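Have the structure open and follow along.

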Amino acid sequence: MVEIPKYYIWTIGCQMNKVESERLGGLFEELGYQVTDIAEEADVIVLNSCVVRQHAEDKVINKLKNLKALKHARPQLKLAVTGCLVGPDIAGLKQILPHVDYFFKPGEFPPWLAQPTAMPLPSHPELSTYITIMQGCNNFCSYCIVPYRRGRERSRPVAEIVNEAKELVKRGTKEIILLGQNVDSYGQDLPDKPDLADLLTEINDIEGLLRIRFLTSHPKDMSEKLIKTMACLKKVCEQVSLPVQAGDDEILKLMKRGYTVDHYRRLANLMRENIPELALSTDLIVGFPTETTEQFQNSYDLINEMKFDTVHVAAYSPREGTTATRDLKDDVPAEEKTRRLKMIEELQENISAAINESLIGKTVEIFVDGKKGGRWRGRTRTDKLVFFNSKNNYLGQLVKVKIDSAGPWSVRGKL
Ligand code: SAM
Ligand code: SF4
């Protein structure tokens with residue numbers, strides 16, 4: 001009997017890594033491999049890594065250490081690493097991690113495979129599927145390793161993305177989420193410079209598709225055209241992820257973000273005027289080098305003022321090779337960073353709970369994407385998690401639910 005070879009993919013990090021792993025899985029299946037979630041059983045192991053913060057990098061290095069014994073016991077096992085650990089210096093990586101057989105850059109193909117022209121699409125895609133519309137980033141925020149590891153911005157042509165979206169919808173996808181480090185600068189590197197608004201307009205026409213989302217936006221590049229387009233395209237959900245990173249102009253300058261707090265505030269107001277139901281989420285870094293308690297207080301006050309739907313808060317983590325690490329001393333003590341992080345988390349938990357409570361009594365449109373604990377689960381257009389009970393099957397459908405109770409992370413209601 002011929003043994004079917006098995007593959008195991010371990011992924012951490014952002015949505016882009018998750019999509020790339022999903023597509024890699026599709027590639028292995030096309031080549032006759034079978035998935036396993038037991039590393040010891042695999043013939044091929046791929047680690048899709050993240051090094052945006054030290055904590056993530058530590059996890060990757062630990063995983064690699066654990067796999068070293070496995071590789072020694074079974075030298076025929078192929079061990080490959082992709083994701084943001086893999087920058088331009090592959091030779092350097094090979095020296096420090098000799099038990100790894102292959103390194104390949106994020107979004108590329110494993111080098112031992114015959115090079116296909118494109119990653120195959122999943123044969124049974126999720127109801128809600130991500131499409132990467134661009135790779136890389138041109139911004140070089142002073143704290144961020146991404147541009148060094150993922151390179152400069154490369155946008156995929158509109159027609160290629162639209163065809164992929166059509167094919168995914170044919171195979172069962174109902175919601176598409178467009179991904180990039182800075183989707184607001186999508187297309188600037190393409191010959192006729194299409195922008196995100198043009199791309200959304202084309203995707204909006206795909207029959208059978210119910211919803212479209214996109215992330216991440218950049219406050220210096222979000223255009224009025226995009227806001228107006230969002231406001232009039234029916235399938236584009238009222239949700240924007242617009243990382244502010246700090247609520248203090250001096251810190252924003254040191255971060256090289258390219259905008260002021262006031263610009264951010266005006267932009268958010270413009271979006272809320274044009275899209276009244278808009279759910280706005282943000283990212284914030286606390287304990288950036290030289291951040292004083294007053295400067296942190298400015299971030300705290302901005303979070304309190306803006307009433308974001310979601311805030312992803314992170315403690316600053318110095319990254320080798322970035323200009324912040326080169327030029328600034330990581331001088332906020334670890335305990336102080338944790339204290340600031342907890343303060344923001346607590347504040348936001350109360351804000352999120354209040355926003356969710358304001359939904360009680362309202363009827364909202366839910367896209368039903370699964371079941372959890374015997375209850376149907378779905379999301380509003382503003383990405384709120386909703387649970388409801390029903391004996392009928394609503395999977396993949398839009399339904400109306402009247403909200404009757406709420407917590408900080410989800411709400412419940414009746415059909
Ligand atoms: N492109 C997006 C943007 O402009 O914010 C986000 C990409 S970044 C990979 C994801 C998040 O990680 C950032 O929003 C930031 O808050 C966080 N991050 C990146 N570098 C960091 C660092 N050195 N320390 C702490 N957090 C960091
Ligand atoms: Fe990193 Fe800034 Fe690019 Fe986001 S915009 S990926 S934070 S460099």
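Start with Arg-375, whose charged end sits over the ring of Phe-387, 4.6 Å from its centre. That wording has a rule behind it: NZ of Lys or CZ of Arg must be within 6 Å of the ring centre and within 35 degrees of the ring normal. Lys-371 does likewise with Trp-376, its charged end lying over the ring at 4.7 Å from the centre.

A quick word on ground rules. This is a predicted model, so local features need pLDDT of at least 70 and side-chain atom pairs pLDDT 80 or more, while totals for chains, interfaces and linings use all residues. Residues are numbered from 1 along each chain as its sequence is written, and side-chain values use heavy atoms, with hydrogens and water left out.

Now for rings meeting rings. The whole structure holds nine aromatic pairs, meaning rings of Phe, Tyr or Trp (its six-membered ring) with centres within 6.5 Å. Take Tyr-7 and Phe-28: their centres are 4.9 Å apart and their planes at 20 degrees, so they count as stacked (planes under 30 degrees apart; over 60 is edge-to-face, the rest tilted). Tyr-7 belongs to strand β1 (residues 6-11) and Phe-28 to helix α1 (residues 15-30), 21 residues apart. Helices (H or I, at least four residues) and strands (E, at least two) are DSSP runs, numbered from the N terminus. Both Tyr-7 and Phe-28 are buried, that is, under 20% relative accessible area with a 1.4 Å probe, protein chains only. Ring pairs also bring in Tyr-33, making a cluster with Tyr-7 and Phe-28.

Notes. Chains are lettered from A and ligands numbered from 1 in the order in which they are written. Buried means under 20% relative accessible area, exposed over 50%, partly exposed in between (1.4 Å probe, protein chains only).
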